Amino acid sequence: LVILDVQMPGIDGFETLEKIRKTKGNENIPVIFLSGVYTDDNYMVKGLESGAVDFMTKPVNKSVFLAKAKVYVELYRQRKDLYDLIGKLKQTNKKLEESENRFKKISMVAVDAIIVINKDCKITYWNPSAEKIFGYTKHETRYLTFRSLFSPKKYKNGLPENLKKFIESDRVNIIDRTIELTAIKKN
């Protein structure tokens, strides 16, 4: 928290605030202007427009000043925490995008069909090998259910429940496991 008097020797508070704001890392520090001379509303507006969070005139009520200062410091901390969180979210999103791009590149050249379904068993991704194997383009399958396209009649009723159980079971490590399914092609 910076407390600035508007009238200072050699430089006024407005110029000082401008220099503070130009210094890296100080862009969001809360500043309160104090003045016993410049009490006109125009100066208050100028102070707020220049980036101060408050403009108080002297004499200052100590209790009011301390209460405001406490609130401004807490808001500054919350804002800083929010900016830190946003930065972390941006990094996480970038890593997720990179991971998704790697997956897409790998699945585009894979010989096996790679089909991604959501929790409702709707198809959200369909690679070129799936097009060759099943005869449907990715546009024909987008958001259709796995069951509606591939499930033989004798499995149609049990498939959604079994897929849902599998998804909810947290059995994400299925490497070295083979599951054989009977599926219907477009033709």
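Which residues form a nonpolar patch on the surface? In this predicted model, the patch is made up of L82, Y83, L85, I86 and L89, and together these residues have about 460 Å² of accessible area. One of them, L85, sits in helix α3, which covers residues 62–109.

The buried residues of α3 are F65, A69, Y72 and S107. These buried residues pack against strands β1 (2–5), β2 (31–35), β3 (54–57) and β5, and against α4 (128–134).

Strand β1 holds D5, a residue that counts as partly exposed because its relative accessibility is 23%, between the limits of 20% and 50%. Although D5 and F33 are 28 residues apart along the chain, their C-alpha atoms are separated by 5.7 Å. Leaving aside neighbours within four places in sequence, D5 is in contact with G13, L34, S35 and K58.

Strand β4 (residues 115–117) runs antiparallel to strand β5 (residues 123–126), and 3 bridges join the two. I117 stands opposite I123 in β5. Between the strands of this hairpin there are 5 residues, and C121 takes a positive phi near 65°.

Notes:
Residues are numbered from 1 along each chain as its sequence is written. This is a predicted model: local features need pLDDT of at least 70, side-chain atom pairs count only at pLDDT 80 or more; totals for chains, interfaces and linings use all residues. Side-chain values use heavy atoms; hydrogens and water are left out. Patches are made of residues with over 30% relative accessible area and no salt bridge: like charges are joined within 9 Å, nonpolar side chains (Val, Leu, Ile, Met, Phe, Trp, Tyr) within 5 Å. Accessible areas come from the Shrake-Rupley method with a 1.4 Å probe; for residues, only the protein chains shown count as cover. A salt bridge is a side-chain nitrogen of Lys or Arg within 4 Å of a carboxyl oxygen of Asp or Glu. Helices (H or I, at least four residues) and strands (E, at least two) are DSSP runs, numbered from the N terminus. Two strands pair if DSSP finds at least two bridges between them. Buried means under 20% relative accessible area, exposed over 50%, partly exposed in between (1.4 Å probe, protein chains only). Contact means heavy atoms within 4.5 Å.
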